[in-house]
Amino acid sequence: GPNTNRQLLPIGERVATAAEVRLIPGHDRPNAANPSDDWTSASDHGPFHAVKIPFLYFGVEDHADYHRATDEMRGIQPGFYARTVRTVLSAIRAADAAL
């Protein structure tokens, strides 16, 4: 997120301008009023953050089936999935080009 990895903010902004899905920066505020709004260490990127390795994290907002047994494959929208994959690939390419 932009609050913990300021050097990655230009990459995220560049990708967001052409993204096929809406990118919303955030969920990386350790001092958030609601602790559940801070995803800084809440997933696979947590160990990277713990040792100060910059990361870009892509996730989805909570939904009715989030982290429940009812969160099944049939709930995936193929078009949204494909647009998301292309957006993440754009971010990878942009990060690589910025090295």
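His45 is in contact (heavy atoms within 4.5 Å) with Trp39, Thr40, Phe55 and Tyr57, leaving aside its neighbours within four places in sequence. This is a predicted model: local features need pLDDT of at least 70, side-chain atom pairs count only at pLDDT 80 or more, and totals for chains, interfaces and linings use all residues. Residues are numbered from 1 along each chain as its sequence is written, and side-chain values use heavy atoms, with hydrogens and water left out.

**Loop residues**

- His45 sits in the loop between helix 1 and helix 2 (46-50); helices are DSSP runs of H or I, at least four residues, numbered from the N terminus.
- Glu61 belongs to the loop between helix 2 and helix 3.
- Beyond its neighbours within four places in sequence, Glu61 is in contact with His27 and Trp39.
- Glu61 and His27 are 34 residues apart along the chain, and their C-alpha atoms are separated by 9.8 Å.

**Helix 1 and helix 3**

- The axes (lines fitted to C-alpha atoms over the stretch in contact, with angles from 0 to 180 degrees between N-to-C directions) of helix 1 (residues 9-18) and helix 3 (residues 78-98) come within 9 Å and cross at roughly 140°.
- Ile11, Arg14 and Val15 in helix 1 meet residues of helix 3, including Thr87, Ser90 and Ala91.

How values were computed:
Helices (H or I, at least four residues) and strands (E, at least two) are DSSP runs, numbered from the N terminus.
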